[in-house]
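Please look over the sequence and the structure shown here before reading on.

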Amino acid sequence: MSKSNINFVEDKYTPKKEKNLVFGGMVENLVSESMHELIVDCNTFMMMASDKNMEHLKLHKNNACKNRFCPICAWRKAGKDAMKLSIMMKHLKLEQDKQLIFATFTTPNVKADELNDEIRHLNKSFQRLMQRKRVKTTIQGYARKIEVTYNHERDDYNPHIHALFVVDKGYFNNPRQYITRDRWLELWKSCTKDDRITQVHVQKVREDNNDRAYEVAKYSAKDEDYLINQEVFEVFYEALKGKRLLVFSGLFNEASHKYEDGELDHLKEESAIEYVYALMYQWGNGKYAQLEKRLLDNEEKALLNNEKIDEMEVE
């Protein structure tokens, strides 16, 4: 991520690091001592690259714990996943001549002791949906993500699935393929075996697909939800740890492999920013302090400049 604001570290990284420390306190008794040390130490060092006028900053190196619940690591992973999805979607639309549909499938909210079972039920219901004859013959691949939100007033949880579906270009004009919103609802109620469900969200992905890429790639749980208190955190932690949250199938799975192999790099934009300086930051006394500013060496310049953009700005 690069940012046209020299206060990027203070505005973005400092709040995430503060939340990381809250997370570290809540997770201490749930992880090994070595993992806890990595979490608390996460992002205490950063090397940022900046342009000549100090207007654009880009993270080049840091120490990361890579825990999926870490507010810093989850934020950065969401940015990378969103960019990957955006490029995959561009490939499918422009080079595979396909159409994309965005959908959200949900079930009624549940209490804490039901969340684990409800997530399993949600996954099984989605798999049943994909096996229904009309869906199976129409959908040529999907990217799907589980998200869980918390309702503080009711003290309950809502697990749901955001999905991107691949269909033929003429899907919306082909009565043998097109599935109406009401039919999706019928199918989802049947697959969940729950008549209380009253809605599904289904829409065509427009040319500007970044919003939908972000919707699928974003956090499986918002840190402002799971860091409310220890009890809520442990509910989220036990329900989501070890689960596959972002899943690709069919043409999306093929596109994912192509992306990782660099075969879709030609669809990425090239950064126009020329990075000149290296800025070193260290966390201490509740804030990031800049320790050093120096010119990038030739190897760093070659690595950082004229590179393809592989991360999307996300909140």
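The sections below go from the whole chain to single residues.

## Basis of the report

This is a predicted model, in which local features need pLDDT of at least 70, side-chain atom pairs count only at pLDDT 80 or more, and totals for chains, interfaces and linings use all residues. Residues are numbered from 1 along each chain as its sequence is written, and side-chain values use heavy atoms, with hydrogens and water left out.

## Overall form

The protein has eleven helices and ten strands, where helices (H or I, at least four residues) and strands (E, at least two) are DSSP runs numbered from the N terminus. Its radius of gyration is 21 Å, close to the 20 Å that the globule rule gives for 315 residues, so the protein is as compact as a globular protein of that length; the radius is taken over C-alpha atoms, and the rule is 2.2 Å times the number of residues to the power 0.38. Along the principal axes, the C-alpha trace spans about 65 × 45 × 30 Å.

Of the 315 residues, 50% are buried, a word that stands for under 20% relative accessible area, while exposed stands for over 50% and partly exposed for what is in between (1.4 Å probe, protein chains only). The accessible surface comes to about 15800 Å², of which 45% belongs to carbon and sulfur atoms; such areas come from the Shrake-Rupley method with a 1.4 Å probe, and for residues only the protein chains shown count as cover. Among contacts (heavy atoms within 4.5 Å) between residues at least 6 apart in sequence, 74% join residues at least 24 apart.

Thr44 lies in the loop between helix H2 (33–41) and strand E2 (45–51), and with a relative accessible area of 16% Thr44 is buried. Apart from neighbours within four places in sequence, Thr44 is in contact with Lys17, Asn63, Tyr281, Gln282 and Trp283. Thr44 and Gly284 are 240 residues apart in sequence, yet 7.8 Å apart in space, C-alpha to C-alpha.

Asn43 belongs to the loop between H2 and E2, where Asn43 has a positive phi of about 60° although it is not a glycine. Asn43 counts as buried, at 0% relative accessibility.

## The end of helix H6

Thr192 is part of helix H6 (residues 181–192) and is buried, with a relative accessible area of 4%. Not counting residues up to four places away in sequence, Thr192 touches Thr107, His121, Ser125 and Ile197.

Lys193 is found in the loop between H6 and strand E7 (201–204). Its phi is near 60°, a positive value in a residue other than glycine, and Lys193 is exposed, with a relative accessible area of 70%.

## Aromatic rings

The structure holds 22 aromatic pairs, counted when rings of Phe, Tyr and Trp (its six-membered ring) have centres within 6.5 Å, with planes under 30 degrees apart called stacked, over 60 edge-to-face and the rest tilted. Trp283 and Tyr288 form an edge-to-face pair, 4.9 Å centre to centre with 70° between the planes, and both Trp283 and Tyr288 are buried.

Ring pairs also link Phe23, Phe69, Tyr150, Tyr157, Tyr226, Phe233, Phe236 and Tyr237 into a cluster. Lys293 lies over the face of Tyr277, 4.4 Å from the ring centre; a charge sits over a ring if NZ of Lys or CZ of Arg is within 6 Å of the ring centre and within 35 degrees of the ring normal.

## Cysteines

A disulfide is a pair of cysteine sulfur atoms within 2.5 Å, and by this rule the count comes to zero. The sulfur of Cys70 is 3.7 Å from the closest cysteine sulfur, in Cys65, which is too far for a bond. Cys70 is buried, with a relative accessible area of 0%, and Cys191 counts as buried at 0% relative accessibility.
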